Amino acid sequence: MIRSSIAALALASAAPLFAETQRIAPGEGAQERLQEALILAEPGDEIVLEAGRYALTDGLSLDVDGVTVRGAGMDASVLDFTNQAGAGEGLLVTSDNVTLRDFGIENAKGDGIKSKGADQIIYHALRVEWTNGPDANNGAYGIYPVEASNVLVQDSYVRGASDAGIYVGQSENIIVRRNRVVENVAGIEIENSNFAEVTENLATRNTGGILVFDLPGLPKVGGGSVLVARNAVIDNNTDNFAPEGNIVAGVPAGTGVMIMANERVQVRDNALVNNATSHVMLVAYTQDYDDDRYQPRPVEVALSGNIYGSGGSAPDFPGGEMLTAAVGGALPPVLTDGLHQGLNVFDEVPVMTLGLTEVGQSIAEAAPSMWEKPDEFSFNDLEPVSLPAAMEARLK
Amino acid sequence: MRGSLFLMAAAAVAFVGAVTNSAARTPVPVNDTAIMEGMPKKLSDFGFFHLPRQQKSLNAVRYELNTPLYSDGADKLRFAYVPHGKEAVANGEGLLEFPVGSALIKTFAFGEGSERRLIETRVLLHREEGWVALPYLWDEEQTDARLALAGARVPLTTPAGEDISYRVPNKNQCKQCHVLDGEVIPIGPKARNLSREWLRDFAYSGKLDKVPNEADSLPPWEPREGSSTLFELDSFARAYLDVNCAHCHQPGAMASNSGLDLRWEQGDGHAIGIRKPPVAAGRGAGGHLVSIDPGSPETSIMVHRMSSNEPGVAMPELGKATVDEDGLAIIREWIAEMETQ
């Protein structure tokens, strides 16, 4: 009772007065001890995962606002879900103002870490890994914030996700920076989200490096205002190992950056190297849908300041080989299905269009040609995404 | 020698039983304070039950649901407690609105006859700040259940004969199913899933304001013998999905981001999954393209996930460790009978 009134006070003043630190060690009963700590935590508390390996059998969850879960390092404090018997993810967060930092999650049966409706969440210096590497039986998403405002994912490492390493869905005000995403189907995916910055990440050996998607029929549609900048997107040629049926199962191996639907996307100052299908690809949504809110085409996309290395020499789609031969051994670095509206390519590179004219048209009707740049472009830079100052302060 | 010891033990049990029974005749009131605050360590702290084994409560009213949630075949004892002088308010076919101070109690039991054991009891407490869900784990002696905030695993054998590691949910997992628009709410006691007879009795005893016209519309799950008409099949399947899936798969609930809405009242075929592609199913999709592929249960993600026991694939994600073969059969048949175009 006393404690709950303190908590109320702490909430009222925003800066918790009596934040407690609870230390959890690996070993006997870790599942219960850790889960109980997560349940009994009060806003402002910090739960410290001491170094070591935590053998867990069930998903963990956190539902208390303002809690920090801190390990001794992404390789030092490891939550090992290899023998997980229940729940859809390793760790589920459903509360606001949570900081997750400096621990690792291995071999979760479903998603690695999911946060749903958890505003102002920080994922910092985490490792989420399926240690066997690419495998269709791995969990879908490594780091998976959905339906949130103010999301920060940084300095983390994700490997082996059978869908996306870092997936931000149906959210807004998002920064994904300085992460390494390796050997996932999609390295980073921003889906049905607005005001996102994906910067200074290394995306390598995925099927596709960075995806910016918008899908119909979800509670939140109409994604856009996404900046993809200063990333190294290299060698994303891993065979697509996503289970069929998922939207990313259609991503060709060798994709650097792929934009599907969305309005206002800026791809600038990235290094795009050795992606064998295409460094940058723009497509409309291809399947039937029944959603009046939905805009299936990429609208207002700008490419500038990117460095394009080798690539496009082995496109992973039907007819790709023939097409490559026809254009002299490698596709141009930028590929559009032709259904975009307002494409601004400031970079001095050729662009190929498949010449589709209607959304949903079969690829068999493609009439590939070189896209002729309009004489003039106009694209106003996106407003920078700024997160609440209190969020950045939590990392100090 | 052993025989006479047994007789003595039996006599002792009878004696204790008599004492308990006589105590029950002068009912000890429910501990309303325990409902309203704190996290009582023991189930007995609430005072819901005076008789052993919870077959009956003098303080809370037992109820059944027309179509119940599948929980590995557990026998469930459900009770509703409304504090003295208050009444619940019926709200059409929806959830009965229980007043603050009410509690819903659900005990999960396995085994027949002398093998029967109470495993866990979940309580939902309606407090000033909203509903709170707490899990209690029964002790070996079956005398009381203790608060198990972090949940537990209990090895047991299901009625179908499967040996499983039964999962008692932790406090957060209780909420994962019971949350709607950020608030914890009850799931089961909706007027449409309660019998008219029970509602009438509940109202007659002063615990409910009225019996709503829309009551009792979900079909009784047992028995479903012989072939059913297509109308009945649709009704069973939709009732099953409503009760087993819709607490997460509806707007504002835990799986809202899937866009799948499996509520009984949802009339749009796409929303309930017909030809709907998955969003974040991952390997749960099992290589299938849509949740429900009309006429083809084998290529429907819904059937694939209901047929699985594997975490990350199996649906529902929480609250069961085995496949509900009866439920699965109904959903299979329902999808098989759907018009293909």
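Me: Which residues of helix H4 (residues 196-204) of chain B are buried?

Reply: This is a predicted model. In helix H4 of chain B, the buried residues are B:Trp198, B:Leu199 and B:Phe202. They cover an arc of only 100° around the axis, which places them on the same side of H4(B).

Me: Which exposed residues does the face of H4(B) turned away from its buried side carry?

Reply: B:Glu197 and B:Tyr204 are the exposed residues on that face. On the buried side, the covering elements include strand E1 (61-63) of chain B. Just after H4(B), B:Gly206 has a positive phi of about 85°.

Me: How should I read burial in H3(B)?

Reply: Seven of the eight residues of H3(B) are buried, so this helix is largely enclosed by the rest of the structure. The buried ones are B:Lys171, B:Asn172, B:Gln173, B:Cys174, B:Gln176, B:Cys177 and B:His178.

Me: What covers the buried residues of H3(B)?

Reply: Elements of both chains do. The cover includes helix H2 (30-40) and strand E4 (58-62) of chain A, and from chain B it includes strands E4 (117-127), E5 (130-138), E9 (179-180) and E10 (183-184).

Me: How many residues of chain B are in contact with chain A?

Reply: 35 residues of chain B contact 37 residues of chain A. On the chain B side, the elements that give two or more residues are strand E8 (163-168) and helix H3 (171-178). H3(B) supplies the largest share, four residues. By class, this side of chain B has 14 nonpolar, 14 polar and seven charged residues.

Me: Which strands pair with E4(B), and in what sense?

Reply: In a regular strand the side chains alternate between the two faces of the sheet. Here, E4(B) pairs in the antiparallel sense with strand E3 (residues 103-110) of chain B over eight bridges. Eight bridges also join E4(B) to E5(B), and these two run antiparallel. Within these pairs, B:Phe108 stands opposite B:Glu120 in E4(B), and B:Leu124 has B:Ala133 in E5(B) as its bridge partner. E4(B) is mostly covered, with nine of its 11 residues buried.

Me: How many residues lie between the strands in the hairpins of E4(B)?

Reply: The hairpin of E3(B) and E4(B) has six residues between the strands, and B:Gly111 there takes a positive phi near 95°. The hairpin of E4(B) and E5(B) has two residues between them.

Me: Which residues touch the most other members of the largest nonpolar core?

Reply: In soluble globular proteins, nonpolar side chains tend to be buried together. The largest nonpolar core here has 200 residues, and those touching the most other members are A:Ile143, A:Ala164, A:Ile166, A:Ile174, A:Ile188, B:Tyr81 and B:Ile331. Helix H5 (residues 230-244) of chain B gives the most to this core, six residues. Leaving out residues up to four places away in sequence, B:Tyr81 touches B:Val30, B:Phe48, B:Asn59, B:Ala60, B:Ser102, B:Ala103 and B:Ile105.

Me: Why does A:Glu172 count as partly exposed?

Reply: Burial takes 20 or more other C-beta atoms within 10 Å. A:Glu172 has 19 C-beta neighbours inside 10 Å, so it counts as partly exposed. This residue is in strand E17 (residues 172-177) of chain A. Residues up to four places away in sequence aside, A:Glu172 touches A:Ser149, A:Ser193, A:Asn194 and A:Phe195.

Conventions
Residues numbered from 1 in each chain as written. Chains lettered and ligands numbered in written order. Predicted model: local features only at pLDDT ≥ 70, side-chain atom pairs only at ≥ 80, totals over all residues. Contact = placed C-beta atoms within 7 Å. Nonpolar A, V, L, I, M, F, W, Y, C, P; charged D, E, K, R; others polar. Buried ≥ 20, exposed ≤ 12 C-beta atoms within 10 Å, placed from the backbone. Core = buried A, V, L, I, M, F, W, Y, C linked by C-beta atoms within 7 Å. Arc of directions from axis to C-beta. Pairing = 2+ DSSP bridges.
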